[in-house]
Amino acid sequence: MEDHLQNFTKREWKPFTLIELLVVIAIIAILAGMLLPALKNARDRAKAVTCTGNLKNISTLLQQYIDENNGWIGPINMNSGGNRIVPYCWVNQLYVNGYFPAKNRDDAVYKANPSIESATWKVLACPFADQTSIPLKGWSLSGPAFASADYSFNFYADPDGSGNLRHRLSRIRNPSSRVILSDGNHVVVTTNKWPPAAASNYTIMYRHNKKANVMAGDGSIQSIQVSNFKLEGNFR
């Protein structure tokens, strides 16, 4: 009996050969290679859902502002030059009027300007945005607004409007297919050219695997693919 147990134990604890160990490692590597893309896709989908949720929140508050201001929104990007209009950009406009709880997506602006109030709102931050990458970055604005976001207002949203100044969304034709807000790299988007050559391209940012999240004129949140539509026209 003792001999039998010793033989059984020896068989149970027989060490791996080098070849067996390499085979196990290879199998683990193959499985990891199969799982990692799936995990990345799941993570990207979660980020995309967060981004669409952000735009939905912004859309709701923007619509409240519009309803309470006879259909008007503005100024959009009057932040420089001799004809400055307080509060200089659409994010700050909604902030100073009490619709947004803060006017920055992160602490970067405040760290550079400690004299201004330290408050951020993650709804202004797209999870895909990367300030170190030109094709992915958002925007920040220095004084006097000191605002930042990863979403941009369509400079040509109102076809009869005045660009940087006030827009009236009731003038929009086919609102369900007209961009109002989008993933962007500046206060406004004035062009639809991606990937951008520089941070100053004022362009829609297709951060989500060559797709961008947009708020349309009817308040709906939609995902659009890279295409050459003009901002003063419809994306479909």
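Predicted model: local features only at pLDDT ≥ 70, side-chain atom pairs only at ≥ 80, totals over all residues.
Figure 1. Strands (E, at least two residues) and helices (H or I, at least four) are DSSP runs, numbered from the N terminus. Two strands count as paired if DSSP finds at least two bridges between them. Strands of a sheet pair through backbone hydrogen bonds, either parallel or antiparallel. Residue numbers start from 1 along each chain as its sequence is written. Local features need pLDDT of at least 70, side-chain atom pairs count only at pLDDT 80 or more, totals for chains, interfaces and linings use all residues, and side-chain values use heavy atoms, with hydrogens and water left out.

**Figure 2. Strand E6 pairs with E4 and with E8.** Three bridges join E6 to strand E4 (residues 151-154), and the two run antiparallel. Here phenylalanine 153 faces leucine 181 of E6. Three bridges also link E6 to strand E8 (residues 211-216), again antiparallel. Leucine 181 stands opposite methionine 215 in E8. E6 is mostly covered, with five of its five residues buried. Buried means under 20% relative accessible area, exposed over 50%, and partly exposed in between (1.4 Å probe, protein chains only).

**Figure 3. E8 pairs with E9 in the antiparallel sense.** Five bridges connect the two strands. Alanine 212 has isoleucine 224, in E9, as its bridge partner.

**Figure 4. Asparagine 185 sits in the loop between E6 and E7.** The loop joins strand E6 (179-183) and strand E7 (188-189). Asparagine 185 is buried, at 2% relative accessible area. Its side chain reaches the backbone nitrogen of threonine 203 at 3.1 Å. A polar atom of the asparagine 185 side chain also lies 3.4 Å from the backbone nitrogen of tyrosine 202. Polar contacts are pairs of N or O atoms within 3.5 Å; within protein, one must be able to donate a hydrogen and the other to accept it, and residues adjacent in sequence count only if both atoms are side-chain atoms. Beyond its neighbours within four places in sequence, asparagine 185 is in contact with residues including Lys137, Trp139, Ser152, Pro196 and Met205. Contact means heavy atoms within 4.5 Å.

**Figure 5. Isoleucine 73 is a buried residue of strand E1.** The strand covers residues 72-73. Isoleucine 73 has a relative accessible area of 0%. Not counting residues up to four places away in sequence, isoleucine 73 touches Leu62, Tyr65, Ile66, Gln93, Leu94, Phe153, Leu165, Arg166, His167 and Leu169. Leucine 94 is 21 residues away along the chain, and the C-alpha atoms of isoleucine 73 and leucine 94 are separated by 9.1 Å.

**Figure 6. Phenylalanine 153 belongs to the largest nonpolar core.** This core has 37 residues, of which Trp90, Phe100 and Phe153 touch the most other members. Helix H2 (18-67), helix H3 (90-96), E4 and E6 each supply at least two residues of the core. H2 gives the most, with seven residues. A nonpolar core is a set of buried Ala, Val, Leu, Ile, Met, Phe, Trp, Tyr and Cys residues joined through side-chain atoms within 4.5 Å. In soluble globular proteins, nonpolar side chains tend to be buried together. Leaving aside neighbours within four places in sequence, phenylalanine 153 contacts Leu62, Ile73, Ile76, Trp90, His167, Ile180, Leu181, Val187, Val188 and Val189. A second, separate core of 11 residues includes Val189, Val214, Phe229 and Leu231.

Figure 7. A disulfide is a pair of cysteine sulfur atoms within 2.5 Å. The structure holds zero disulfides. Cysteine 51 is buried at 0% relative accessibility. Cysteine 126 is buried too, at 4%.
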